[in-house]
Amino acid sequence: MQDEYRTVAHAGVHETEVNRSRFLCALAPAATEQEAQDFVAAVRRKHADATHNCFAYVIGADAAIQKASDDGEPGGTAGVPMLQMLLRRDMRYVVAVVTRYYGGVKLGAGGLIRAYGGAVGEALDTLGTHTRRRFRLATLTVDHQRAGKVQNDLHTTGREIRDVRYGEAVTIEIALPDAEVEAFRGWLADVTAGAAGFELGGEAYGDA
């Protein structure tokens, strides 16, 4: 699994103009390929009068699903440069649709490649991205007497507490970078005098 990737926090649109042609790049997060396809379809409905609605999307932390479409532009001049821009920026779980309204001046293959790739790059810069990092989930089990101090110490050290459950003991679920697991295990033993339980779980991605 990839240690980290970048994505967009929310949907947005950025417009550029190249030789009188308007290029509107719509970006959105997409958790699944179906979400990406639904977004593409929605943009195409909204801009049904446009000359072209080209798209690219990357789904999966390891970029397992990659699709691109030139939507009538010369082969390889629109969707592929859009996809390459997303991959070059380490973008994942994201969909981009570039809508073109033709302005009467032909751009040529090189011009189209620069325009479509550039539209995506500018939109990423303008709308902003954030990093998500791979974490190991871990479950701590502590008695009620120590639970408050442990939670405070976790907050103080910037640990992400994902869940707290109260029963005969207090169960706290946290997320840890892989490289810090052993050091954390030692820290927990120190602050609880060895009384806390510690169990590693699966992996998940969270905001870095």
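Start by selecting arginine 165 and aspartate 163: their side chains form a salt bridge, with N and O 2.6 Å apart. Arginine 165 is partly exposed at 39% relative accessible area, and aspartate 163 is partly exposed at 31%. The model is a predicted one.

Next, select lysine 149 and aspartate 153. They form a salt bridge whose closest N and O atoms are 2.7 Å apart. The two residues are four apart in helix 4 (residues 144-156), so about one helical turn separates them.

Now go to aspartate 125 and arginine 89, whose side chains meet in a salt bridge at 3.1 Å, N to O. Aspartate 125 belongs to helix 3 (residues 108-127) and arginine 89 to the loop between helix 2 (79-88) and strand 6, so the pair ties together parts 36 residues apart in sequence. Aspartate 125 counts as exposed, at 55% relative accessibility, while arginine 89 is partly exposed at 30%. A search of the whole structure gives 13 salt bridges.

Then select strand 6, residues 94-101. Eight of its eight residues are buried, so the strand is largely enclosed by the rest of the structure. In a regular strand, side chains alternate between the two faces of the sheet. Here Val94, Ala96, Val98 and Arg100 point one way, and Val95, Val97, Thr99 and Tyr101 the other.

Finally, show the neighbouring strands. Strand 3 (residues 21-29) runs antiparallel to strand 6 and is joined to it by eight bridges; alanine 26 stands opposite valine 97. Strand 4 (residues 52-59) is also antiparallel to strand 6, with seven bridges, and asparagine 53 has threonine 99 as its bridge partner.

Key: Residues are numbered from 1 along each chain as its sequence is written. This is a predicted model: local features need pLDDT of at least 70, side-chain atom pairs count only at pLDDT 80 or more; totals for chains, interfaces and linings use all residues. Side-chain values use heavy atoms; hydrogens and water are left out. Buried means under 20% relative accessible area, exposed over 50%, partly exposed in between (1.4 Å probe, protein chains only). Two strands pair if DSSP finds at least two bridges between them. A salt bridge is a side-chain nitrogen of Lys or Arg within 4 Å of a carboxyl oxygen of Asp or Glu.
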